[in-house]
Amino acid sequence: MGYYGWWDPTYYLVIIGALISMLASARVKGTFGKYSRCRSMGGLTGAQAAERILHTAGIYDVTIRHISGNLTDHYDPRNKTLNLSDSVYASASVAAVGVAAHECGHAIQHQRHYAPLSIRGAIVPVANLGSTLAWPLILIGLFFSSSTGPMLIHAGIICFSFAVIFQLVTLPVEFNASRRAMVILRDTGILNSQELKKTGKVLRAAALTYVAGAAAAILQLFRLFLLFGGRNDN
């Protein structure tokens, strides 16, 4: 692509990815903040809604825990814990109930052996290792000539590819959890139709963060191919 002084034009791909991620993060925080001020008519907190949803799904072996932080909510399939953050656990807002229901969606996926969740769990160790090794391999490869340098660089690109695959597999897992959340909130009557519309906006905004993460990872991988994909001894 060529260089202009110190500027590498492929930096534009990094900047675009960073901007996409920042915008998605800002949107989910703004949307959650807006609807966290809307108390649900049912009055259930995030923790109470999660317990009802899990029991409705026939799940009694998942522990609901309160963890610190804001929007740090997650389901851990390793020890079957549903971890709800400060802004969700004790809040009765439609936003908090929606996030809690989304995490319950992951617990339901786990119970029913949802294939994409199983695949994501299987590639976590490889993706983590790939993320750790990718850039060190690429940087070390730059100091070698002959066949060793390109081999290390290509190995680094392959390692980074596993992290990208993880991001892509995450998308159907998250979308499906949100769909499950909306259905079960409607069927159980935890939220009414007007509240569901507000919760849907929160979950769609949250989904965009995963789309943004995948897009940024793909752009970074594309940049690596542009920089090193055709690298030879010269």
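This is a predicted model: local features need pLDDT of at least 70, side-chain atom pairs count only at pLDDT 80 or more; totals for chains, interfaces and linings use all residues.

User: Which element gives the most to the largest nonpolar core?

Analyst: The largest nonpolar core has 33 residues. Elements that give two or more residues to this core are α1 (11-35), α2 (46-56), β3 (81-84), α4 (94-111), α6 (148-188) and α7 (193-228). With 10 residues, the element that gives the most is α4.

User: Which residues of that core touch the most other members?

Analyst: In general, nonpolar side chains of soluble globular proteins tend to be buried together. L82 touches A50, L54, V62, T63, I64, R65, H74, Y75, E103 and C104, leaving aside residues up to four places away in sequence. Within the largest core, the residues that touch the most other members are I53, L82, L185 and I190.

User: How many residues are in the other core?

Analyst: Another core lies apart from the largest one. Among its members are I157, C159, V164 and F228, and the count is 11 residues.

User: Are α4 and α6 roughly parallel or roughly perpendicular?

Analyst: The axes of α4 and α6 are 7 Å apart, and the packing angle is about 115 degrees. Angles of 65 to 115 degrees count as roughly perpendicular. Therefore α4 is, relative to α6, roughly perpendicular.

User: Is the crossing of α4 and α6 left-handed or right-handed, and how do the contact residues divide?

Analyst: The crossing is right-handed. On the α4 side the contact includes V97, A101 and I108, and on the α6 side it includes V173, A177 and L185. The residues of this contact divide into 8 nonpolar, 7 polar and 2 charged.

Conventions
Residues are numbered from 1 along each chain as its sequence is written. Side-chain values use heavy atoms; hydrogens and water are left out. A nonpolar core is a set of buried Ala, Val, Leu, Ile, Met, Phe, Trp, Tyr and Cys residues joined through side-chain atoms within 4.5 Å. Buried means under 20% relative accessible area, exposed over 50%, partly exposed in between (1.4 Å probe, protein chains only). Helices (H or I, at least four residues) and strands (E, at least two) are DSSP runs, numbered from the N terminus. Contact means heavy atoms within 4.5 Å. Axes are lines fitted to C-alpha atoms, for helices over the stretch in contact, and angles run from 0 to 180 degrees between N-to-C directions. Angles under 35 degrees count as roughly parallel, over 145 as roughly antiparallel, 65 to 115 as roughly perpendicular and the rest as oblique. A crossing is left-handed if the near helix is turned anticlockwise from the far one by less than a right angle, and right-handed if clockwise. Ala, Val, Leu, Ile, Met, Phe, Trp, Tyr, Cys and Pro count as nonpolar, Asp, Glu, Lys and Arg as charged, and the others, Gly among them, as polar.
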